[in-house]
Amino acid sequence: MKGQGGDIDVTAAHVPDAGTHVPRRDESQVAPVQARIVLPDAMAVRVVPASRRFAPRAASLRLLPLAAFSWGSRSLPAQPRTRPEHVLVWVTEGRMRLDFPRRSVVMEPGDIRYIPAGTAFAAKPQQGAQGHVLLVSPELTTEVDPPLPASLTAGCAGKGAAALLGTLRELVEEATNAPDRKALNCHLNLLSLRLTRLDPAPDHRPAAGPALPDRSLVEQFLTLAAAELGNCRTLADQAQDLGTTLTQLDRACIEAKGRRAVELMHELRLERAAEMLRHTDRTPARIAQELGYASQTHLTRAFVDATGRTPEAYRLQMR
């Protein structure tokens, strides 16, 4: 198919016509369609210089079934990693777990999360989960008005579920049948507007109970650990400073955050390393030394495992 600016290859599942009968059920639970639009080579974007092994990445738009989408490192449990696309997650049935560097979220039916490109997260649909996941390359959203959110956005579909589902269908249909950049912009503009009109996100946290003292302990530990990242003190020493034992600290961290103390310390180091790569000119070797890594190689190995990129490649992409 020919579009403005060159050849455009499109593959998609069948999209029902507007008049197609849909079984009586919640409109937000209609089976999702899949579509992908790949822009001409002239619009391809290189994430890093051509001298590196990374290939050009074509701008794309994809709509996937939520049950088919998972993300994170290969370790168990999966650790947060960054994605190059903007991600919209909408749960219509079951539950979806999202893990961010310092907190976890369990999404329930109706919940929506918009995750901007470059955000580190892990995603795991639970058994029986259904819904939609939209992946949009940032290159397609440069002219969207109003702009898509610049930070993590949470909400609930609520009464606007049918309208939002219609917007997703029309976006995929446009990408499938007449992939024109101006027309895509119109549909993306409408999607951005829908995101500003979501109902407030419900609070799924359990009522306060005996776990509160442990949560307080974990917050004290995170504050202390963040202040001593480069001091090479043991976790047992830090637990003693907090008036507890390493075993008790681990138990509190697992109950409050789902991870042991050493895993939370690891996430703090990675988060600080990513911040320093984005906002300073310090070399990876110096960053490794300041944050208590054994060597630059240790930092690189940890960073690649968490993000899929070396510290140098991450710095080039984020600047």
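1. Ground rules. This is a predicted model, where local features need pLDDT of at least 70, side-chain atom pairs count only at pLDDT 80 or more, and totals for chains, interfaces and linings use all residues. Residues are numbered from 1 along each chain as its sequence is written, and side-chain values use heavy atoms, with hydrogens and water left out.

2. Cysteines. Counting a disulfide as a pair of cysteine sulfur atoms within 2.5 Å, the model has 0. C186 is exposed at 52% relative accessible area, while C253 is buried at 0%. (Buried is under 20% relative accessible area, exposed over 50%, partly exposed in between, with a 1.4 Å probe and protein chains only.)

3. The sheet. Four strands form an open sheet, in the order β6-β11-β8-β9, with antiparallel pairing. β6 (81-82) and β9 (103-107) are at the edges with a single partner strand each, so one side of each has no neighbour in the sheet. β8 (residues 96-100) pairs with β9 over 5 bridges, antiparallel, and M96 sits opposite M107 in β9. Strands (E, at least two residues) and helices (H or I, at least four) are DSSP runs numbered from the N terminus; two strands pair if DSSP finds at least two bridges between them.

4. Second largest pocket. This one holds about 570 Å³. Its lining has 25 residues, with P80, P101, A120, E271 and A274 closest to the centre. α6 (261-279) and α8 (296-307) each supply at least two lining residues, and α6 gives the most, with 7. By class the lining has 11 nonpolar, 7 polar and 7 charged residues. (Nonpolar covers Ala, Val, Leu, Ile, Met, Phe, Trp, Tyr, Cys and Pro; charged is Asp, Glu, Lys and Arg; the others, Gly among them, are polar.)

5. How spaces are found. On a 1 Å grid over the protein atoms alone, a cavity is a set of points where a 1.4 Å probe fits but cannot get out; a pocket is an open set with protein on both sides within 12 Å along at least five of seven lines; lining residues have an atom within 4 Å of a point.

6. Cavities. There are 2 of 30 Å³ or more. The largest has a volume of about 60 Å³, and its lining includes H86, Y114 and L195. β7 gives the largest share of that lining, 3 residues, and the classes are 8 nonpolar, 1 polar and no charged.

7. The second largest cavity, about 40 Å³, is lined by P101, R102, L222, L264, E267 and L268. α6 again gives the most, 3 residues.

Notes: Points joined across faces, edges and corners; volume = space filled by probe spheres on them.
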